[in-house]
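Subject: Handing over a structure, with notes

Dear colleague,

I am passing on to you the structure shown below, together with some notes on what was found in it. Please look through the sequence and the structure before you read on.

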Amino acid sequence: MKTTRATAMTLLAASCSLPLLMTLTVAGAATPGGSGLCSDQRPHLGGDGETIAVPLSPQGAQTDANWSNEQVRNATTITGVARSRSLPPRAAVIAVATAMQESSLHNLRHGDRDSVGLFQQRPSQGWGTAAELRDPVYTSGKFYDALLAVPGWESTPLTEVAQSVQRSAFPDAYARWERAAGELVAESWGSSATTSNFTACAGEISDEPTANFSTTNPRSPARAIAAARETAGETGWYRRCGQFVAEAYGYAYSGSATAAIHWDRLRAMGLTHSGEEAPLAGALLFYETGEAAGHVALYLGNDLVASNDIMDSYEGEGKIALVSRRELTDGQWRLRYLGWAEPAFPGAGGTSTI
């Protein structure tokens, strides 16, 4: 990530961070629960030079591990088989996570009863001969054959899909490997691959043009929306998402060092709403980005948001754009939507310049 440009009142500008289009490692605590991927958020393979999303939906505590060269090679082989079959990265994440649980990515000669190989598949259950199942390419192909037969595997939680294929005595054990699997898949898929959380789906769309909130700011929601629209196309807002929404509401600075801190403060005040609830026009929409700072945008109503840095990685850097909400969750950044909050700015002050 590029170094943040120096700006006035850095600690009070509520910096935000959007992931660059490169191989990333998802950091921070795992997201408990969740219902998997939204059905309309499935990644695509793309063409040369196009960024590829490696979607993750971690459930429960995640396990970190250091992998040997042999283990990384096996994960790379599993990923390579997915690519050779034109399967999306999600398939590779499921397969690598399964192999992590079944064999710790070792090509085992034996296991429980007659199980062998990376996935501990059993010759007696029709997977193939023992010799075939110790061939990483063959055994990966057999796993993907079974995976593709699982209805809705693309949008179903990883551990449920893996269990449908493997029929393990420990059906929930696969979940803890999702983040680690995503990291190895992103590394081996290519330089254009990036991990991205897809745990939450956006809520329903509100057509309400303006809303009355319990919070009081220098500007009403309607005036804040007008100010944001008037600022569209302006530059100079690089990683200053929090300051932008604060200035739309009439403040010179937001009072929070980052968007993530802003979200936590509003949540503690009881002013936040889950991603399942439709936002009201004028609300602040918060997102996870894979970095600690997070991101916040202003909801304009009718499925539109005003956001900085959200368009093309070069043309959009520092620019305010008016885009569909799905540009944030389904576009190139693939942000995870946390929910929305009333427009409150604890500790904010000064007079806006927009």
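How many of the 354 residues of the protein chain, as a percentage, count as buried? Please bear in mind that this is a predicted model. In the protein chain, 53% of the 354 residues count as buried, and the secondary structure comes to 10 helices and 8 strands. Where contacts join residues at least 6 apart in sequence, 72% of them are between residues at least 24 apart.

Let me begin with helix H2, which covers residues 89-103 and whose axis comes within 8 Å of the axis of helix H6, residues 178-189, with a crossing angle of roughly 125°. The crossing in which H2 passes H6 is right-handed. On the side of H2, the contact is made by Pro89, Arg90, Ala92, Val93, Val96, Ala97 and Met100, while H6 contributes Glu178, Ala180, Ala181, Gly182, Leu184, Val185 and Trp189. Sorted by class, the residues of this contact between H2 and H6 are 11 nonpolar, 1 polar and 2 charged.

H2 also packs against helix H5, residues 158-166, at an angle of about 70° and with the two axes 10 Å apart. Since angles of 65 to 115 degrees count as roughly perpendicular, H2 and H5 are therefore placed in that class. Here, too, H2 makes a right-handed crossing as it passes H5. The residues that make the contact are Arg90, Val93, Ile94, Ala97, Thr98 and Glu102 from H2, and Leu158, Val161, Ala162 and Gln166 from H5. The contact of H2 with H5 consists of 6 nonpolar, 2 polar and 2 charged residues.

The buried residues of H8 are Cys241, Gly242, Gln243, Phe244, Val245, Ala246, Glu247 and Ala248. The elements that cover them include helix H7 (221-231), helix H9 (259-268), E4, E5, strand E6 (304-308) and strand E7 (320-324). After H8 comes Gly250, whose phi is positive, near 100°.

Two further residues bring in the strands. Leu284 is found in strand E4 and counts as buried, with a relative accessibility of 0%. Between Leu284 and Tyr299 there are 6.1 Å in space, C-alpha to C-alpha, although they are 15 residues apart in sequence. Thr289 has its place in the loop between strand E4 (284-288) and strand E5 (295-301). With a relative accessible area of 7%, Thr289 is buried, and its side chain reaches the backbone nitrogen of Glu291 at 3.3 Å.

With kind regards

Definitions and conventions: Residues are numbered from 1 along each chain as its sequence is written. This is a predicted model: local features need pLDDT of at least 70, side-chain atom pairs count only at pLDDT 80 or more; totals for chains, interfaces and linings use all residues. Side-chain values use heavy atoms; hydrogens and water are left out. Axes are lines fitted to C-alpha atoms, for helices over the stretch in contact, and angles run from 0 to 180 degrees between N-to-C directions. Helices (H or I, at least four residues) and strands (E, at least two) are DSSP runs, numbered from the N terminus. A crossing is left-handed if the near helix is turned anticlockwise from the far one by less than a right angle, and right-handed if clockwise. Contact means heavy atoms within 4.5 Å. Ala, Val, Leu, Ile, Met, Phe, Trp, Tyr, Cys and Pro count as nonpolar, Asp, Glu, Lys and Arg as charged, and the others, Gly among them, as polar. Buried means under 20% relative accessible area, exposed over 50%, partly exposed in between (1.4 Å probe, protein chains only). A polar contact is a pair of N or O atoms within 3.5 Å; within protein, one must be able to donate a hydrogen and the other to accept it, and residues adjacent in sequence count only if both atoms are side-chain atoms. Angles under 35 degrees count as roughly parallel, over 145 as roughly antiparallel, 65 to 115 as roughly perpendicular and the rest as oblique.
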